[in-house]
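Here's a quick walk through a predicted complex, taken one chain at a time. Have the structure open beside you as you read.

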Amino acid sequence: MSDTIVTLESVSKSYNRKTVLDGVSHSFRKGGSIAFAGHNGCGKSTMLKVLAGIVRIDSGRVQYSGKIRFSYVPEKFSGMDVTMGRYLYSIAGMEGVEWSNVRKLVKDFFLEDMFHLKMSQMSKGSLQKVGVIQALMSPHDILLLDEPLSGQDPESQEVFISKVNELREQGITIFMSCHEKKLMDEISDQVYTIEKGKLKSLEGQEESYFRVYVRRNDNLTCWPEMIPRGEKYLLRVAEEQMKETVMKLYCEGWELIGIEEYI
Amino acid sequence: MKSIFSLYKLKMMTVIRSAVLVIPTVSVVVFLGVMYSILPQQISASFLSSGLLLFVICVYVSMCIQMKEQDVHEELFLMHSRPEAGYYPVREMVVCSIMLFYAVLLIVYPVIRSSLNENWFTRPLTSSDVFYGTILILGSGICGITLGDFFHHRIIPRRRNAIIFVVLVAVLAVCKEPIIEKLPGMKFLHFLLPPITDGFIMVGNEDFFDPKETMLILLHSVIYALALVFIKIWLLRRRKF
């Protein structure tokens, strides 16, 4: 399929004889936002690393649609013997990103006062934010988020969700491993779990549905099933309800921005 | 290129801010103080001993640096590097820079002191002595950095085993000549081990460097180091994280 960004073909991976992924085959769409849920150690992080090609798989194949670059928020972003400012400055240099953009991100995540603090002296939550900033400063084709909100304060979580949704609007594909239902609801189109090494959809959404993007005009009340996406809202609509839903949106005065079929 | 330079600066900064360079720096200072406490010295012996020390220091430094590397940061550096293939050479550039720093200390100190004190060496120091001595010191240095980095924690995950392997190779490299003399069947050790003592054999009882032999030792060192680097990079890329 032309809009497939990554395809896993019978991918298996085990650690110390424990099978984490067992012959997983699946195609992921470009521009999608996929969450992997499940208990600790079920293989969520391994799945992200397999997708990024940074761990060696035991068998199978990972195919990309062309040359793909990744941005990655690791689960455990550890400290280094340099200051946060120095670290981010170097990463910005590596990515060719304007320093002012990085400073803005640092401000958005409430880390301004920590520029000159050694990363090894930062708290877990603050370090995790640095991990998020290094990934968001120059997002590539695929954004990998491995439990990105762990240890972060609620305000920063909101900032994070809003930034990630902005990236989704730009067409960046997102893969995320997380436990927070709120995060899955606000960021992800599809949720999978990994059970006994197999990938399973949690929504049974292998059938097709439509994603409808709308913008709210004044004095309109949001529907409960609407998911905020920056200034827009997303609705998932089954094919048979499509006509009725669009009519209802039109009658209420919602501005229809786009509709895409999701298989 | 800017991407690679930024990574180089960050890695260099991390090494400088850590305690990795404390022991090597103290060792060099103590070595220079002790070595030149008895004067006059033989020119060839002083350069060759400095080369041997640089080899040990470089093994230590490169091993410490690779052991301090955290996989999570290395994964990120690899993703941020442009071109991606530039990531691995940067690691080599960092240890090479540190090697050069110590090499300069070990070369410049006796050169300056001998220019101030005529009795520093047993004979007047010539520019060719400095040139060939430098070549031998640098040859030992590059062998040291590649050897210490070869037993990377992604190639040999157990730190204890990696240390045992490095010490074994380093000790064998120092005493390979007597072993080969006793057991001629072990001549293959010449190719398996770095040529760090070949300079001593070349000089023998004389105090002059043979230009041809010196260049051959340098060539041997460079080929040995390049082979280790290429094998290591191939293994790291293959094994991933």
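## Chain B, end to end

Helices (H or I, at least four residues) and strands (E, at least two) are DSSP runs, numbered from the N terminus. By that count, chain B has eleven helices and zero strands, so its pattern along the sequence is simply α-α-α-α-α-α-α-α-α-α-α.

How does its radius of gyration sit with the globule rule? A compact globule of 241 residues would come out near 18 Å, and chain B, at 19 Å, agrees with that. Here the radius is taken over C-alpha atoms, and the rule is 2.2 Å times the number of residues to the power 0.38. Along the principal axes, the C-alpha atoms of chain B fill a box of roughly 55 × 45 × 30 Å.

## Packing and confidence

In chain B, 39% of the 241 residues count as buried. That label needs 20 or more other C-beta atoms within 10 Å of the residue's own; 12 or fewer makes a residue exposed, anything in between is partly exposed, and C-beta atoms are placed from the backbone. Look at contacts in chain B between residues at least 6 apart in sequence, and 79% of them join residues at least 24 apart. A contact here means C-beta atoms, placed from the backbone, within 7 Å.

This is a predicted model, where local features need pLDDT of at least 70 and side-chain atom pairs count only at pLDDT 80 or more, while totals for chains, interfaces and linings use all residues. Residues are numbered from 1 along each chain as its sequence is written, with chains lettered from A and ligands numbered from 1 in the order in which they are written. The pLDDT (the predictor's confidence in each residue, from 0 to 100) averages 90 over chain B, with 100% of the residues at 70 or above. For the complex, the predictor gives an ipTM of 0.80 and a pTM of 0.81.

## Where B meets A

Chain B puts 22 residues in contact with 21 residues of chain A. On the chain B side, helix H1 (2–17) and helix H4 (71–80) are the elements that give two or more residues. H1(B) has the largest share, with nine residues.

For the classes, Ala, Val, Leu, Ile, Met, Phe, Trp, Tyr, Cys and Pro are nonpolar, Asp, Glu, Lys and Arg are charged, and the others, Gly among them, are polar.

## Chain A: domains 1 and 3

Chain A is assigned domain 1 (4–75 + 125–201), domain 2 (84–119) and domain 3 (209–262); such bounds come from an automatic or database domain assignment. The C-alpha centres of domains 1 and 3 of chain A are 27 Å apart. Eight residues from domain 1 and five from domain 3 make up their contact.

On the domain 1 side, helix H5 (154–169) and helix H6 (181–187) of chain A each supply at least two residues, and H5(A) has the largest share, five residues. By class, this side has no nonpolar, two polar and six charged residues.

## Chain A: strands and a helix

Strands pair if DSSP finds at least two bridges between them. E10 (residues 209–215) and E12 (residues 232–238) of chain A pair in the antiparallel sense over seven bridges, with Val212(A) opposite Leu235(A). E11 (residues 227–229) of chain A also pairs antiparallel with E12(A), over three bridges; there, Pro228(A) has Tyr233(A) as its bridge partner.

After H7(A) comes Gly253(A), with a positive phi near 100°.

Definitions and conventions: Two residues are in contact if their C-beta atoms, placed from the backbone, lie within 7 Å.
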